Amino acid sequence: MSGKNTSRSRAFLSLTNCRANASAIIKGSEKYACIKGAVKFYQTRFGTLVAAEVFGLPSNQNRCSNDIFGFHIHSGERCCGNDEDPFADAKSHYNPNNCDHPCHAGDLPPLFGNNGYAFSVFLTDRFSVDEVKGKTIIIHSDPDDFTTQPSGNSGEKMACGEIKSIIC
């Protein structure tokens, strides 16, 4: 491994000893009350590391079924809503640069369900932790198609979390 790659891997491995800079507690809507989890945000010198762990996702036992869920940061500050949309206050995808989909800052890799459980860790340079504090994060019923405007045809909002600072 080159010196640059070695220092980069050490930087990420050292995050296991660090506290997250922000987190969101994920809760499902009334229809998806079993969904629970957490998303943590770590600011690194290489970008924002996002770690998501979610339980209680709908699961099809058919191996050829689609247990892939859209996952986005939304611009709203609250996970409130109404009968039609339980998370209407989460608003639309976080998109401070007015980019076309799938280049919104809030467009994230999908969650891949594994018998109702999902775990995902990824690095992004689309936003800093400070930029998304106070926003919401949504799990959608369908995978993002990365084409349809403005939001990827990801289906209903199943679960939501409010991204908050972690005070040490």
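A nonpolar core is a set of buried Ala, Val, Leu, Ile, Met, Phe, Trp, Tyr and Cys residues joined through side-chain atoms within 4.5 Å, where buried means under 20% relative accessible area, exposed over 50% and partly exposed in between (1.4 Å probe, protein chains only). Welcome to a predicted model, in which local features need pLDDT of at least 70, side-chain atom pairs count only at pLDDT 80 or more, and totals for chains, interfaces and linings use all residues. Residues are numbered from 1 along each chain as its sequence is written, and side-chain values use heavy atoms, with hydrogens and water left out.

**Overall fold**
- The protein has two helices and ten strands, taken from DSSP runs (helices H or I, at least four residues; strands E, at least two) and numbered from the N terminus.
- Starting at the N terminus, the order of elements is α-β-β-β-β-β-β-β-α-β-β-β.
- Of the 168 residues, 42% count as buried.
- Among contacts (heavy atoms within 4.5 Å) with a separation of 6 or more, 63% come from residues 24 or more positions apart.

**Nonpolar cores**
- The largest nonpolar core has 28 residues, of which Phe41, Phe71, Ile73, Ile137 and Ile139 touch the most other members.
- At least two residues of this core come from each of β1 (22-28), β2 (36-44), β3 (47-55), β5 (71-74), β7 (118-124), α2 (129-132), β8 (136-140) and β9 (157-162).
- Another core, of five residues, lies apart from it and includes Cys79, Phe87, Ile138 and Cys160.
- Not counting residues up to four places away in sequence, Ile137 touches residues including Ala24, Val39, Phe41, Phe71, Ile73, Leu108 and Cys160.

**Around His104**
- His104 sits in the loop between β5 and β6 (111-112) and counts as buried because its relative accessibility is 5%.
- Its side chain makes a polar contact with the side chain of His93 (3.1 Å); such a contact is a pair of N or O atoms within 3.5 Å, and within protein one must be able to donate a hydrogen and the other to accept it, while residues adjacent in sequence count only if both atoms are side-chain atoms.
- Beyond its neighbours within four places in sequence, His104 is in contact with His93, Tyr94, Asn95, Cys99, Arg126 and Pro150.

**Aromatic pairs**
- The structure holds two aromatic pairs (Phe, Tyr and Trp rings, six-membered for Trp, with centres within 6.5 Å; stacked under 30 degrees, edge-to-face over 60, the rest tilted).
- One of them, Phe55 with Tyr117, is tilted, at 5.1 Å centre to centre and 50° between the planes.
- Phe55 lies in strand β3 and Tyr117 in the loop between β6 and β7, so the pair ties together parts 62 residues apart in sequence.
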